[in-house]
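Open your viewer and keep the sequence panel handy. We'll go stop by stop, and at each one I'll tell you what to select and what you'll find.

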Amino acid sequence: MATLTEAPPPLAPTAPQAEPPRRRGRWTPYWLLLPGMLWLLVFFALPMIYQASTSVQTGSLEEGYKVTWHFATYWDALADYWPQFLRSVLYAAAATVLCLVLGYPLAYLIAFRAGRWRNLIMVLVIAPFFTSFLIRTLAWKTILSDGGPVVGALNTLHVLDVTSWLGWTAGDRVLATPLAVVCGLTYNFLPFMILPLYTSLERIDGRLHEAAGDLYARPVTTFRKVTFPLSMPGVVSGTLLTFIPASGDYVNAELLGSTDTRMIGNVIQTQFLRVLDYPTAAALSFILMAAILFMVTFYIRRSGTEDLV
Amino acid sequence: MEQYEPDRLTPPQVAAMRRSMRNGRAAMTRRSLLRASAGGALTLGGLGALSACGIPAAGKTEGGTSAEDHSAKEETVSFSNWTEYMDVDEAGKHHPTLDTFTERTGIKVKYSEDINDNSEFFGKIKPQLAAGQETGRDIIVLTDWLAARLIRLGWVQKLDPSNLPHAYANLSGQFRSPDWDPGRAYSYPWQGISTVIAYNKKALDGVEVKSVSDLLDNPKLKGRVGFLTEMRDSVGMTLLDMGKDPGKFTDDDYAAAIARLQKGVDSGQIRRFTGNDYTSDITSGDFAACIAWAGDVVQLKADSPDIDFLIPDSGYMTSSDNMLIPNKARHKTNAERLIDYYYEPTPAAQLAAYINYVCPVDGVKDALAKIDEDAANNPLIIPDKAMQAKSHAFRSLSAKEETAFEAQFAKLTGA
């Protein structure tokens, strides 16, 4: 007891000197966080709460909507629109895989082989962003038009016979079929795949490749054992940046698709704007969000990459 | 032992402990921050907050419909219209008809093209109107069904006929008494819209199209036919083709029309349902024929000789875009004067010559002939008697019907 009461005095002289700067610094991080937090609160948290509330309301425009905790909306929405959910996931997954297959070699080329062309190729990758998303998608209608050269060539080569047999296209056309929608999604989200891939490939030390060669690894082995594992963060963030927006997209399905290619984004849009069934639209949004969150969590766990950069 | 333990702590050690109290546990770590924000979100998202945000009943707007009319003091009027729905001079900067109005009356027009889509615009103005606040707009232009909905909800103001002498006298017969606004107490048409069948001669390649039945049944057109996402146009044309009157049909008639369209979807006859983007499909020949809006067809025909239109024997659908004055508008009288101005033959003709929609004003033909002879003789712009006789309007729907019908149509289009 006596020792305890005696202990503080030696500290006394140092304490006043140390305290003031700490007190000031203590709140700084919070102040710096404030704008971001406010932003999240106003544009993320509040709309989410509003939507969550809407999804359990019942009523009509004339009578007003009241919260009745009508959770059945979720089951009804899922029962009615599961095909569109499934389709969204399939299309988005197909587009993501295509983006990876197309984007990886290009990112590899830019990172290791492009030399002085590197900047030019990067600009070419990003250039489409200078025009509107809508215009770029509409351009595909001209490219894939029934009488156009692309479809003509595909018909001559009998490619469309194969894709028709697979159910990806219908008859001798590409537009208004699943293939067109997946192509549109792939095209529109390709830069989101290439950029993260490039960033993580570019960071790989070239000497690692030399070291692998010195240890008698063939190029394929070098890629499999060295390059690809080191580029995993890029692969994971690229696939996420492609898959997540693609599964919620509705523009491609609207413009390049038909009645049997509608995705969940189209359903939400129609329910919200045309049918004016706000609760169903809100419930569908939440189901989509939960489904994506679940899939992404599972994916990140499996790929074992916790840090995405 | 216990007595000695504190002894072993040297002053620097104690200081370190204190520091760690402040900089360690108490200091902000990522985890504590996450916990704190999650806690905050939970509190906010609590059940109370969820129940608190219901949407008030639409019809019960409080505070009345009219606002104090500032027309005399503020010589201005704010006019919200669709894009490319007004005459523009060569330089693309001025709207000659609006300029004439300002010259004559001294009322400045704040013209904005901020309506792109009925449903979207409804979403935009709904919160203000439902809460009984002003929208900042004195005139808005909306298609029949949405105009009907706003009137039903009590969100627009009754017009004062004494300010509308020309409009009253010159409104064309076929637009005079829609069932949703008998005698035009709340609305006046801006332009009429005819829904017809457009075709691409080259893509048809000799296949004869005369009716909606041909679109739905001719196997030679499989996968090359388009319908509109606008429910009233697609279903209306189908109802007419089935011999029903879109002005008074029953639930069963509607279901039958949907079933008929569904058959076309299932068999792959209908390629897709489109909004305005059908214009690129019909020009490229991906659509051989489709349901189309006449105003677009006039334009497409001018650009491409392959495109033409036809009116089925069973008739065609006509709707209109209507000028309305929303609740709480600040310049009601000015707005009414502007509406009336567009019912004078000269400005109406100038407008019709420029935008190619159905002109809802009688007695415009001579004035229009002076500007553009072809336009004056085009039945799609100035409908003749035969044309008017084939015109049909979709009946107004109750809120319940509207939701049910739109839901059925949404199923048909795949969502």
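**Chain A, the overview**

Start with chain A: of its contacts with a separation of 6 or more, 69% are between residues 24 or more positions apart. Here two residues are in contact if their C-beta atoms, placed from the backbone, lie within 7 Å. Before going on, note that this is a predicted model: local features need pLDDT of at least 70, side-chain atom pairs count only at pLDDT 80 or more, and totals for chains, interfaces and linings use all residues. Residues are numbered from 1 along each chain as its sequence is written, and chains are lettered from A and ligands numbered from 1 in the order in which they are written.

Colour chain A by secondary structure and you'll get 14 helices and two strands. These are DSSP runs numbered from the N terminus, with helices being H or I of at least four residues and strands E of at least two. Chain A is more spread out than a compact globule, because its radius of gyration is 27 Å, well over the 19 Å that the globule rule gives for 309 residues. (That radius is taken over C-alpha atoms, and the rule is 2.2 Å times the number of residues to the power 0.38.) Along the principal axes, the C-alpha atoms of chain A fill a box of roughly 95 × 75 × 35 Å.

**Two helices in chain A**

Now select residues 72-113 and 232-248 of chain A, which are helices α3 and α11. Their axes are 9 Å apart and they pack at an angle of about 145°. The axes are lines fitted to C-alpha atoms over the stretch in contact, with angles running from 0 to 180 degrees between N-to-C directions. To see the contact, show side chains: the α3(A) residues include S88(A), A92(A) and G103(A), and those of α11(A) include G238(A), F243(A) and S247(A).

**Over to chain B**

Chain B has 20 helices and 10 strands. Of its 415 residues, 41% count as buried, meaning that 20 or more other C-beta atoms lie within 10 Å of a residue's own; 12 or fewer makes it exposed, in between is partly exposed, and C-beta atoms are placed from the backbone.

Colour 76-190 + 320-381 as domain 1 of chain B and 193-318 + 399-412 as domain 2; these bounds come from an automatic or database domain assignment. Taken over C-alpha atoms, the two domain centres in chain B are 27 Å apart. Nine residues of domain 1 of chain B are in contact with eight of domain 2 of chain B.

Which residues does H331(B) contact, beyond its neighbours within four places in sequence? They are H70(B), S71(B), E74(B), T76(B), V77(B) and D138(B). H331(B) sits in the loop between β9 (316-324) and α15 (332-341) of chain B and is buried, with 26 other C-beta atoms within 10 Å. Draw a C-alpha to C-alpha distance from H331(B) to D138(B): 6.1 Å, although they are 193 residues apart in sequence.

Next, go to helix α7 (residues 144-153) of chain B, where the buried residues include A147(B), L150(B) and L153(B). The buried residues of α7(B) pack against β3 (139-143), β4 (187-200) and β9 of chain B. Just after α7(B), G154(B) has a positive phi of about 75°.

Finish at S119(B), in helix α6 (residues 118-130) of chain B. S119(B) is partly exposed, with 17 other C-beta atoms within 10 Å. Leaving out residues up to four places away in sequence, S119(B) touches L273(A) and R274(A).
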